Amino acid sequence: MSDRYSRQQLFQPIGEKGQALLQQKHVLIIGAGALGSASAEAIVRAGVGKVTIVDRDYVEWSNLQRQQLYSEKEAEQEIPKAIAAKERLARINSNVQIKGLVMDAMADSLESIVHDVDVILDGTDNFDIRFVINDLAQKYHIPWIYGSCVGSYGTTYTIIPGKSPCLHCLLQAVPNMTITCDTAGIISPAVQIVAAYQVAEALKILVEDWQAVCDTYRTFDVWHNQHYDMRVQKAKKKDCPSCGEQAIYPYLAFENQTKVDVLCGRNAVQIRPQRSDDYNLDYLAQQLQKHGTIQQNPYLLSCQLKDYRLVIFQDGRVLVHGTNDVQQAKNLYYRLLG
Ligand SMILES: [Zn+2]
């Protein structure tokens with residue numbers, strides 16, 4: 001036990017002092033897919049005091065190729081990623097306080113958990129949530145580390161509020177920032193590299209080695225052997241609505257939170273009901289039995305129909321698999337559950 005962190009402490013920029021700091025810190029990881037799995041494992045092994053993981057999805061077979069915290073058992077049982085991640089991480093390091101939250105990363109739900117967070121790691125796959133994270137980070141002065149990858153290509157960028165240009169500033173400055181859904185596939189080394197950069201940046205921030213923090217917008221393509229660091233300091237805007245002098249944090253406003261999301265590259269639509277108290281899944285299972293085959297665990301209920309599959313979470317969110325069409329998904333939702 002006592003030499004658990006010895007190799008990390010021998011690394012001079014961390015040392016015993018840095019290790020003690022790590023044990024006092026709280027890391028929030030938003031998204032427990034490929035990036036979130038990789039960074040959560042490294043952060044938990046490093047001995048950070050508290051780790052909170054937020055994810056709205058459950059484990060599927062197509063995740064196992066790159067989402068390192070999960071195994072076949074969890075895919076078979078459709079266990080929510082936040083639960084599966086928490087259980088696996090607790091076996092890796094029982095000294096870390098780990099919380100797994102099965103929920104959508106929405107402004108109001110995140111706002112209630114960020115008060116003691118020291119750094120936020122981006123493990124999401126969409127810009128709607130990233131802009132919410134960006135505004136929260138600015139409002140509460142929390143450093144956050146953007147990360148994304150597709151195919152063999154990856155990007156990472158560290159945002160220190162009050163210092164770096166924020167994601168909103170950068171949007172106009174970075175030409176190849178992809179906002180559209182991408183179905184180009186992904187290979188695990190691209191994930192591992194982005195996560196490695198994100199974790200290195202998080203460790204620097206957590207041990208308060210501010211000078212070491214990377215200030216460039218970093219991109220690479222591990223298949224085509226390219227690596228590029230872009231200087232972005234000049235992109236910071238005084239009148240940016242998220243980080244400027246008169247910031248209004250537009251992405252925290254209620255009206256900017258979507259009720260229906262098309263999930264990128266997944267042929268699925270998520271519908272979030274108005275009220276989000278606990279749903280009676282047993283009752284819904286009885287109702288849905290006549291329409292299709294039911295599979296259920298303590299966290300969610302899924303119903304296989306002829307052309308679609310519905311997955312209903314405890315908080316009332318519904319994933320409609322088998323369509324990218326919002327209206328079609330809504331019709332099905334109202335017909336069966338409305
Ligand atoms: Zn900005």
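Reader: Which geometry does the site of the zinc ion have?

Author: This is a predicted model, in which local features need pLDDT of at least 70, side-chain atom pairs count only at pLDDT 80 or more, and totals for chains, interfaces and linings use all residues. Residues are numbered from 1 along each chain as its sequence is written, and side-chain values use heavy atoms, with hydrogens and water left out. Four donors (N, O and S atoms within 2.8 Å of the metal, or 3.2 Å for Na, K and Ca) surround the zinc ion at angles of 98 to 124°. Four donors count as tetrahedral if all angles lie between 85 and 135 degrees, so the site is tetrahedral.

Reader: Which residues are the protein donors of the zinc ion?

Author: Along the chain, the donors follow the spacing C-x2-C-x70-C-x2-C. Each donor is an SG atom, lying 2.2 to 2.4 Å from the zinc ion, and the residues are Cys166, Cys169, Cys240 and Cys243.

Reader: How many residues apart in sequence are the parts that Cys169 and Cys240 tie together?

Author: Cys169 and Cys240 are both buried (under 20% relative accessible area, 1.4 Å probe, protein chains only). Cys169 belongs to helix α8 (a DSSP run of H or I, at least four residues), while Cys240 is in the loop between β8 and β9 (strands being DSSP runs of E, at least two residues). The pair therefore ties together parts whose separation in sequence is 71 residues.

Reader: What is the N to O distance in the salt bridge of Glu60 and Arg266?

Author: A salt bridge is a side-chain nitrogen of Lys or Arg within 4 Å of a carboxyl oxygen of Asp or Glu. Glu60 is buried at 17% relative accessible area. The side chains of Glu60 and Arg266 meet with an N to O distance of 2.9 Å.

How values were computed:
Tetrahedral: all angles 85-135°; square planar, octahedral: opposite > 155°, others 65-115°. Buried < 20%, exposed > 50% of the residue type's maximum accessible area, 1.4 Å probe, protein only.
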